[in-house]
Amino acid sequence: MSQMNAVIIGCGAIGPIHAEAITNSDAAHLYGVCDVLPERAEALALRYGCRAFTSYAQVLADEAVHSVHICTPHYLHAEMAVQAAAAGKQILLEKPIAMNVLEARAVSNAVRTAGVSCCAILQNRLNPCIEAAKSLIDDGSYGKLLGIKAFLTWKRTAEYYVSADWRGKWATEGGGLLINQAVHMLDLLYYLGGEVEAVKGHIDTRVLQEVIEVEDTAEATFYYKDGKRGWLYATNGYSEDSPFFIEMHLEQGVLRYIDNKLILKSNGEEQILADDMQCSKSSIGKAYWGSGHAKLIDQFYQTLAGHLGSYSSLQDAAYSMGILDAIYASSNNDRREMIELF
């Protein structure tokens with residue numbers, strides 16, 4: 001099989017996860033890694049036996065490079081994606097795909113104009129529990145979905161924020177908890193719950209007031225187009241990184257995604273339908289990130305190679321970006337905000 005030459009842009013926390021996924025795909029080849037810190041690029045390149053770049057422009061000018069994985073700080077995502085599209089590179093774009101809907105629209109327009117493909121990294125959709133829940137909701141086995149609620153309680157310390165000067169600032173992170181840690185929950189509330197019409201929410205800084213200018217806590221009510229409602233509570237001020245919790249209330253049962261398991265409660269009985277940890281093969285990264293990176297990245301390359309398959313696109317990320325903007329606006333304006341898509 002012909003393999004696509006991939007370069008990872010940004011060798012921080014998530015870069016090695018992408019490197020591992022690329023090396024495990026028979027449709028892709030890790031051609032190189034790139035970081036403005038030479039020692040970081042060289043360390044990851046040595047680990048995987050590939051080239052080390054320190055210039056993004058050099059990567060885009062290299063005709064041997066077929067695709068780029070953008071794993072940089074948030075404020076660089078949209079600009080780098082637009083440049084990659086103009087250079088004719090296929091793109092894998094880490095969350096958030098941009099810092100707001102306006103930037104996301106620019107990325108979408110650039111990708112469409114260039115005729116390239118862009119995979120939005122929404123890897124939690126591929127967690128076995130989420131796949132099983134989505135299937136049950138879509139096939140109507142237990143009736144229609146009546147309501148959904150989600151909780152994310154993680155831990156981010158002062159040390160985490162001061163370790164990189166772009167974190168904790170509106171100008172470079174685009175927000176705090178919502179855009180960084182909870183953005184996947186926003187996506188799952190749409191992916192499992194359906195189209196969202198509006199939200200009313202509030203953000204606050206409860207723990208790290210002396211460290212960051214953005215939020216560490218948020219809550220929101222989701223108003224779905226079919227009339228149901230959903231709820232979100234999230235914080236990164238907890239004492240540990242707990243697994244996601246999502247509850248889906250169906251007409252004939254309740255699905256609970258808890259402790260990395262999907263549990264169905266129906267007719268007074270409970271059964272475990274799926275277990276994420278039994279399917280996880282990743283030896284690096286954090287368990288609460290989920291194990292979907294490798295599967296999603298391989299799906300992207302397999303699809304480009306002409307095999308049957310699909311991957312999460314920019315349009316799949318449209319709702320999470322719209323919801324994100326709307327919660328921030330709602331908190332500022334103290335009113336319900338409609339979802340704007342790109």
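Let me start with one residue. Setting aside residues up to four places away in sequence, D187 touches L122, R125, D316 and S320; contact here means heavy atoms within 4.5 Å. This is a predicted model, in which local features need pLDDT of at least 70 and side-chain atom pairs count only at pLDDT 80 or more, while totals for chains, interfaces and linings use all residues. Residues are numbered from 1 along each chain as its sequence is written, and side-chain values use heavy atoms, with hydrogens and water left out.

Where does D187 sit? D187 is in helix α10, residues 183–193. Helices are DSSP runs of H or I with at least four residues, strands are runs of E with at least two, and both are numbered from the N terminus. Is D187 buried or exposed? D187 counts as buried, because its relative accessibility is 2%. The cut-offs are these: buried means under 20% relative accessible area, exposed means over 50%, and partly exposed is in between, with a 1.4 Å probe and protein chains only.

The rest of α10 is mostly covered too, with 10 of its 11 residues buried. Among them are V183, H184, L186, D187 and Y190. After α10 comes G194, with a positive phi near 105°.

Now to one of the partners of D187. S320 is in helix α13, and S320 counts as buried because its relative accessible area is 3%. Leaving out residues up to four places away in sequence, S320 touches V183, L186 and D187. V183, L186 and D187 are also among the buried residues of α10. S320 and L341 are 21 residues apart in sequence, and their C-alpha atoms are 9.1 Å apart in space.

Next, the nonpolar cores. A nonpolar core is a set of buried Ala, Val, Leu, Ile, Met, Phe, Trp, Tyr and Cys residues joined through side-chain atoms within 4.5 Å. How many residues does the largest one have? The largest nonpolar core has 80 residues, and V68, I91, L178, F222, I246 and M248 have the most contacts inside it. Helix α13, residues 318–333, gives this core its largest share, 8 residues. A second, separate core has 26 residues, including A45, Y48, C50 and F300.

Take L178 from that list. Beyond its neighbours within four places in sequence, L178 is in contact with V183, L186, I203, E215, A218, L232, L324, I327 and Y328. V183 and L186 are also touched by S320.

N180 is buried, at a relative accessible area of 7%. Its contacts, leaving aside neighbours within four places in sequence, are H74, K95, Y160, W166 and E173.

K95 takes us to the backbone. Most residues other than glycine have a negative phi, and most peptide bonds are trans. Here are some exceptions. K95 and P96 are joined by a cis peptide bond, with omega about -15°. P96 lies in the loop between β5 (90–93) and α5 (101–114). D259 is not a glycine, yet has a positive phi of about 50°, and is placed in the loop between β12 (253–258) and β13 (261–266). N267, also not a glycine, has a positive phi of about 55°, and is found in the loop between β13 and β14 (269–275). Why does N267 count as exposed? Because its relative accessibility is 77%.

Last, the whole chain. The protein chain has 13 helices and 15 strands. Its radius of gyration is 20 Å, close to the 20 Å of the globule rule for 342 residues, so the chain is as compact as a globular protein of that length. That radius is taken over C-alpha atoms, and the rule is 2.2 Å times the number of residues to the power 0.38. Along its principal axes, the C-alpha trace spans about 60 × 45 × 40 Å. Of the 342 residues, 55% count as buried. Of the contacts with a separation of 6 or more, 68% come from residues 24 or more positions apart.

That is the end of the talk.
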